[in-house]
Amino acid sequence: MKRIEAINDFVIKFANVNGSGSASANELFAKAILRMGVPVSPRNIFPSNIQGMPTWYEMRVSAAGWLGRRGGCDLMVAMNPQTWDRDIAEIEPGGYLFYDSTKALPRSRFRDDITVLGIPLTEMCNREYTDARQRQLFKNIMYVGALTALLGIDFGVVEKLIADQYRGKDKLIGANVNALKLGYEHAKANLPC
């Protein structure tokens, strides 16, 4: 299988559940790429505003400054089991699937022509946090940390964005940076970054 290899020219799509706090994490990721000087065109794509329904966030990263949707995606962050089959189908041959590998899935749930990158996000959150809402919110920040490592984004840029977002709320800054580091360090230790 020939893997997609592109620098500053790819589409990443996040498949989440509406109301899970993913929009803030996905926007944080888009801002990090932009702060590194690479044009990015993010879009929220969702069928409804009802909590618990599927929602998607797509970003086209293009050093050439392309803004329009290209179709397909190179990297799918599949965080919604309800839309798994549809999300996997959108990945271009040679593309990448990033998912929460806490629950083992049979090989039949994957495609042979993509690279699968799993991190046990739920397991990590359950180990680190006791509050159910924190577990969900910080799972999103953990995947941003993992993607930061995978794509070679400057960790300091993302850390600074968190500090800016929660200025004056040191407790929130520390907790979010900790979750970011957990995802980043796990990816660095276990995935081909």
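Start with α1 against α4. On the α1 side, the contact residues are S22, A25, N26, L28 and F29. They meet N140, I141, Y143, V144 and L147 in α4. By class, that contact holds seven nonpolar residues, three polar ones and no charged ones. Keep in mind that this is a predicted model.

Now the geometry of that pair. Helix α1 covers residues 22-35. Its axis and that of α4 come within 9 Å, and they cross at roughly 20°. Angles under 35 degrees count as roughly parallel, so α1 is roughly parallel to α4. The crossing of α1 and α4 is right-handed.

Stay with α4, and bring in α3. Helix α3 is residues 121-128, and helix α4 is residues 132-150. How far apart are their axes, and at what angle do the helices pack? The axes are 9 Å apart, and the angle is about 125°. α3 and α4 are therefore oblique to each other. Their crossing is right-handed.

Who touches whom here? From α3 we have L121, T122, M124, C125 and N126. From α4 we have R135, F138, K139, M142 and Y143. The contact of α3 with α4 divides into six nonpolar, two polar and two charged residues. Note Y143 of α4. It is in the contact with α3, and it is also in the contact with α1.

Next pair: α5 and α6. Helix α5 runs over residues 155-165, and helix α6 over residues 170-190. They pack at about 155°, with axes 9 Å apart. Over 145 degrees counts as roughly antiparallel, so that is the label for α5 and α6. The crossing is right-handed. α5 brings F155, V158, E159, I162 and A163 to the contact. α6 brings I173, N176, V177, L180, K181 and Y184. By class, the contact of α5 with α6 has eight nonpolar residues, one polar and two charged.

On to the empty space. Rolling a probe the size of a water molecule over the atoms shows where empty space is left.

Pockets, then. What volume does the largest pocket have? About 580 Å³. It is lined by 22 residues. Nearest its centre are A6, F10, L150, L151 and G152. Two elements give two or more residues each to that lining: β4, at 73-78, and α4. The lining of the largest pocket divides into 17 nonpolar, two polar and three charged residues.

The second largest pocket holds about 260 Å³ of space. It has 13 lining residues. Closest to its centre are P81, W84, Y99, D100 and L105. How does this lining split by class? Six nonpolar, three polar and four charged.

How many cavities of 30 Å³ or more does the structure hold? One. The largest cavity contains about 30 Å³ of space. Its lining is S41, R43, E58, M59, R60, G68 and R69. Which strands supply at least two residues each? β2, at 40-45, and β3, at 54-62. β3 gives the most, with three residues. By class, the lining of this cavity has one nonpolar residue, two polar and four charged.

To recap. α1 is roughly parallel to α4, α3 is oblique to α4, and α5 is roughly antiparallel to α6. The largest pocket has a volume of about 580 Å³, and the second largest pocket about 260 Å³. There is one cavity of 30 Å³ or more. Over to you for questions.

Terms used:
Residues numbered from 1 in each chain as written. Predicted model: local features only at pLDDT ≥ 70, side-chain atom pairs only at ≥ 80, totals over all residues. Heavy atoms only, no water. 1 Å grid on protein atoms, 1.4 Å probe; cavity = no way out; pocket = protein on both sides within 12 Å on 5 of 7 lines; lining within 4 Å. Points joined across faces, edges and corners; volume = space filled by probe spheres on them. Helix = DSSP H or I, 4+ residues; strand = E, 2+ residues; numbered from the N terminus. Nonpolar A, V, L, I, M, F, W, Y, C, P; charged D, E, K, R; others polar. Axes fitted to C-alpha atoms, helices over the stretch in contact; angles between N-to-C directions. Parallel < 35°, antiparallel > 145°, perpendicular 65-115°, else oblique. Left-handed = near helix turned anticlockwise from the far one by under 90°. Contact = heavy atoms within 4.5 Å.
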